[in-house]
Structures are given as C-alpha cells and as structure tokens.
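Let's take a walk through a protein model together. Have a look at the picture first, and then read on.

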Amino acid sequence: GINAEYMGEKERDDLFNAQAIQLDRHATLIENELKIQRQTKEQELNEFRRQYQRKDKSRDWDLNDPKRITRDIPARIGDDDPRTGPASIQKFEGEDILEKQRKQAQIEQMRLWCEQEVDEKDVRKWSEKEYDRLHQERLEEATMKAHQAAMEVAQHRRNLNIETANYNKGLSQFNTLKKMQNKHRETIANMNEIQNALDSDLLTENRDITMNVTNTNRYRPDHMKGLTISQLQEIQDVQATQRADKVEKKRQDAMEERGWALLANQERRAALLLERQREREKRSLAQQLSLERKEQADQHTFRNASQKQLYTNEITEDFHRQFGTTLR
C-alpha cells in the first residue's frame, strides 16, 4: 500500500514537472518570437533612417554643411563671365544674377522635401501598421497557445484528480479491510493470551513450583503465592515474641532512663551546693580583701599625714620677731 501510494505521488509529481517544462518552453518560444519582432522592427527603423533620414537630405543641411564654403559657387559667373576681364567689377549693389535659377531650385527643393516628407509619413504609417499587425498576430497566437496549454493542463489535472480519488478510495478500502483483519487477529491473540494466563501455574497457584529447585528453603519470587497456615502461625508466634521483647526492652529502657535522671538530679544538686559554697567563700574572701584594702588605705593616709607634718615648718611669731635684732 505504501509503495503504491509512493509510486502514485511520484507519477503525479513527474506529470506536473513535465507540464511545467512544457509551459516554460511555450513561454520561452513566445519570448523569443517577441524578441525577434523587436529586433526586426529596430532593423527596419535603422534601415529607414539610413535611407530617408540622412543629414544631407534635411532641409537645413545647406546651413549645417561643414564644407558649404568650399562647395559654394565662386562669385560672378554671369555677364559672360567666365572670370570677366581685367579690372572688372565683381559685384554690384542689389544685383541678383541667379535669382531665377535660385527660385527654381528652391521650388524644386521644396517639392522634393514635401514628397520626401509624404513618403516618410507613408512609410512610417505602413511600418507601424505592419508592426501592429504582426504584434497582434503573435499575441493572438501566444494567447491561443497559452489557452490550449491551460485547457490541456486543466483536463489532465481533472483526469489526475479522478485517478487520485479512485486510488485513494481503493487505498481506503484496502486500509479498512487490513484494519479489520488486524483487529480480528489481535482479538484472537488476546483470547489465547487470557486462556493461557488462566491455565498457567501463576493464576492456579501451583505450590509445587513455588520452592527453589537448588534450595528448598527459598522461594521463587516470580511464583510466590503466599505461605501455608503453619508458616503463617510460626510468623505470628515470632512476631508476638518480638512484641513482648520490645515491651520488656522499653520497660528496662524506662527504668534506666529514670535511674540516669535520678543520678543527674543528684549531680545537679551537688553541683548547686558546691556552687553555693564557692559563692560564700568568694564573698568572704572579697570582704576580707576589702577590709585589708581599707586598712592599707588608712595606713597610707596616716603615713602621708605624718610625713607632711614632719617635713612642713610652720611660721610663728618668733620667726617674725627675730628680724631687726642684729646688725647684719
């Protein structure tokens, strides 16, 4: 189913790529044709300019001709010129010897210019009409080709959509049938699994396979389904003994804790009495030290007063009466 779907998608992609290449070729062809038309028109325009729009054919060429001086007719060719005689006057004021020829030449030049201008306009109109006609034909041809290509692509896309829808429908039916078959096989497998589980030693609790083959005192963890009544009773007896031992241990621990608490209380009382005795001794020692320091202060004060009195001389009346009693 996956390979068929992949092949269908690949064919569809290849078809779209082929259509895209074909449309690109059509567009390239149209672009090349338009390019050729532009080149042809430019060539015709350049050829027209080369034939009918040269500088020497313009109406004011005689004024812009760089060699007009060298091409001018020399002065005085009339009156049985050539070159008149010795000491002849070359030109008289107001004289126009070639007036008739000049006017005739001007009229002829005007006629030629008008014909040339008419021809140029006719050629330009014809070129424009021809270019418009060719352009319109090319445009209509390109539009027709593009329309045909679009119609072919649309028809092919409709056919491809129909084929894709039919393929998807068949694939959907195939997937539905495959899902139903898978579901049926899965249901049968589940029923077989349930029946095998019901008949297995695990759910039937076969105690013959519970014990380990190499060690009869050990059980297989993957087949253990519980203990016998005697084993359960033995476990309960052991648990009751453990509970009694635990209660006895708690009682002994409580008695031991009370003994330790009593001992700690006695030690605290002894430490308190010892601390009080130390405080009394400390206060007594402090009082004795205070008395000794007070006695030492009194002795120091008495000694200072005695020394001051010993080394101090008081001035009496006898000291003043001794002045003026001798001749010195």
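This is a predicted model: local features need pLDDT of at least 70, side-chain atom pairs count only at pLDDT 80 or more; totals for chains, interfaces and linings use all residues.

Residues are numbered from 1 along each chain as its sequence is written, and side-chain values use heavy atoms, with hydrogens and water left out.

Let's start with salt bridges (a side-chain nitrogen of Lys or Arg within 4 Å of a carboxyl oxygen of Asp or Glu). The structure holds 10 of them. One joins Glu47 to Arg50, at 2.3 Å from N to O. These two residues lie 3 apart in helix H1 (residues 2-52), so about one helical turn separates them. Helices here are DSSP runs of H or I with at least four residues, numbered from the N terminus. Glu47 counts as partly exposed because its relative accessibility is 32%; the label covers values between buried (under 20% relative accessible area) and exposed (over 50%), using a 1.4 Å probe and protein chains only.

Now move to helix H6 (residues 229-310), where Glu248 and Arg251 are 3 residues apart, or about one helical turn. Their salt bridge brings the closest N and O atoms to 2.3 Å.

Elsewhere, Glu108, Arg111 and Glu115 are linked in a network of salt bridges.
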